[in-house]
Amino acid sequence: MSFCSFFGGEVFQNHFEPGVYVCAKCGYELFSSHSKYAHSSPWPAFTETIHADSVAKRPEHNRPGALKVSCGRCGNGLGHEFLNDGPKRGQSRF
């Protein structure tokens, strides 16, 4: 199951209630609402993970400046980390 839908229907893009975002497959804690911010992409955007091992990252050879991100516990695909694309200079966006 994917984290969200590109063609509309993404229910968490504009959702800013306090809470924790977890992996849809195994329930592992990924992101806190405290690190969520409004972004123009159709997906929710975060600046950091809850735990150091919340996500696993690997280079994307066809996407410079982006890392492929998956759940650190079960490997479920979560999308990308875009380097230096956060709300502050030097921050990345998940």
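The side chains of Glu-81 and Lys-57 come together in a salt bridge, at 2.8 Å from N to O (the rule asks for a side-chain nitrogen of Lys or Arg within 4 Å of a carboxyl oxygen of Asp or Glu). The pair links distant parts of the chain, with Glu-81 in strand 7 (residues 77-82) and Lys-57 in strand 5 (residues 55-59), 24 residues apart; strands here are DSSP runs of E, at least two residues long, numbered from the N terminus. By this rule the count stops at one salt bridge. Glu-81 is buried at a relative accessible area of 6%, while Lys-57, at 45%, counts as partly exposed (buried is under 20%, exposed over 50%, partly exposed in between, with a 1.4 Å probe and protein chains only).

This is a predicted model, so local features need pLDDT of at least 70 and side-chain atom pairs count only at pLDDT 80 or more, whereas totals for chains, interfaces and linings use all residues. Residues are numbered from 1 along each chain as its sequence is written, and side-chain values use heavy atoms, with hydrogens and water left out.

On the aromatic side, the structure holds three pairs (ring centres of Phe, Tyr or the six-membered ring of Trp within 6.5 Å; planes under 30 degrees apart are stacked, over 60 edge-to-face, the rest tilted). Tyr-21 and Phe-46 sit edge-to-face, 5.0 Å centre to centre with 65 degrees between the planes. Tyr-21 belongs to strand 1 (residues 20-22) and Phe-46 to strand 4 (residues 45-46), so the pair ties together parts 25 residues apart in sequence. Phe-31 and Phe-46 are stacked, at 4.3 Å and 10 degrees. Ring pairs link Tyr-21, Phe-31, Phe-46 and Phe-94 into a cluster.

Methods: Helix = DSSP H or I, 4+ residues; strand = E, 2+ residues; numbered from the N terminus.
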